[in-house]
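The following exercises concern one protein model. Please consult the sequence and the structure shown here while working through each solution.

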Amino acid sequence: MDESPDEVRILEVRVLAEGHGVLRTTRMQHRRFDGTWQTLNRETYDRGNGCALLAYDPVRGCVLLVRQFRYPAYVSGHAAPLLEVIAGLVDDNPPDVAIRKEAHEEAGLTLRAVRPVFAAYMSPGAITERLSFFVAEYEASDRTGAGGGLIGEGEDIEVVEIPADTAIAMISDGRIVDAKTIMLLQHARLSGLI
Ligand SMILES: Nc1nc2c(ncn2[C@@H]2O[C@H](COP(=O)(O)OP(=O)(O)O[C@H]3O[C@H](CO)[C@@H](O)[C@H](O)[C@@H]3O)[C@@H](O)[C@H]2O)c(=O)[nH]1
Ligand SMILES: [Mg+2]
């Protein structure tokens with residue numbers, strides 16, 4: 001449910017840093033549940049919205065994931081490359097168009113039918129990103145390109161196919177630690193897709 005604009009009054013927005021994303025601080029008044037007004041300062045990091053997709057092969061019983069080095073995870077204690085579902089920023093595209101582009105760039109995958117499953121704010125206290133989640137069946141012959149990501153953007157991506165049962169087990173034993181990947185694998189298992 002969207003909050004009524006009457007609940008929030010923006011007083012001042014300041015850009016603290018403008019790089020790959022934009023870090024802003026906003027001074028605002030917010031009406032509390034009891035009706036009184038409170039003045040708040042809140043920082044937001046805006047990198048745009050994103051899309052993520054679990055590709056699964058029901059015949060071979062596997063899922064297709066990508067491995068890549070993630071510096072923010074590295075500085076937070078996870079040195080190994082992260083195993084993730086295909087994902088990226090939507091830029092100016094609708095999420096269903098953006099996810100097809102990402103699937104091709106990252107995994108060399110030409111997707112057929114793509115199904116939206118849910119959307120989520122992944123870190124709503126600080127990051128503005130709304131992530132749109134998808135699932136898609138694929139088969140070996142849909143891997144029409146090499147994938148690997150865009151070298152110009154510094155991407156270095158390895159494509160891996162993993163048995164679905166193994167991928168689920170890797171959540172429990174800590175080998176999969178990426179939230180969007182855990183969410184999509186658990187969704188697929190709960191829905192009987194994998
Ligand atoms: N120059 C520069 N390049 C960056 C920076 N951060 C990322 N990049 C490059 O920009 C690429 C963007 O690739 P995408 O596939 O579009 O995004 P992503 O990194 O996979 O992930 C983003 O989308 C996910 C889902 O939407 C998000 O979950 C994730 O947090 C992130 O925002 C990255 O792979 C990386 O090479 C940065 O600070 N500076
Ligand atoms: Mg990506």
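A residue counts as buried if 20 or more other C-beta atoms, placed from the backbone, lie within 10 Å of its own. The model is predicted, so that local features need pLDDT of at least 70 and side-chain atom pairs count only at pLDDT 80 or more, while totals for chains, interfaces and linings use all residues. Residues are numbered from 1 along each chain as its sequence is written, and chains are lettered from A and ligands numbered from 1 in the order in which they are written.

**Exercise 1.** State what percentage of the residues is buried, and describe the overall fold.

Step 1. Of the 194 residues in the protein, 23% are buried.

Step 2. The protein has four helices and 10 strands, taken as DSSP runs (helices H or I, at least four residues; strands E, at least two) numbered from the N terminus.

Step 3. Their order along the sequence is β-β-β-β-β-α-β-β-α-β-β-β-α-α.

Step 4. The C-alpha trace spans about 60 × 35 × 35 Å along its principal axes.

**Exercise 2.** Determine which residues of α3 and α4 meet, and classify them.

Step 1. Ala167, Ile168 and Ile171 of α3 meet Ile182, Leu185 and Arg189 of α4; contact requires C-beta atoms, placed from the backbone, within 7 Å.

Step 2. By class, this contact of α3 with α4 has five nonpolar, no polar and one charged residues (nonpolar: Ala, Val, Leu, Ile, Met, Phe, Trp, Tyr, Cys and Pro; charged: Asp, Glu, Lys and Arg; polar: the others, Gly among them).

Conventions: Two residues are in contact if their C-beta atoms, placed from the backbone, lie within 7 Å. A residue is buried if 20 or more other C-beta atoms lie within 10 Å of its own, exposed if 12 or fewer, and partly exposed in between; C-beta atoms are placed from the backbone.
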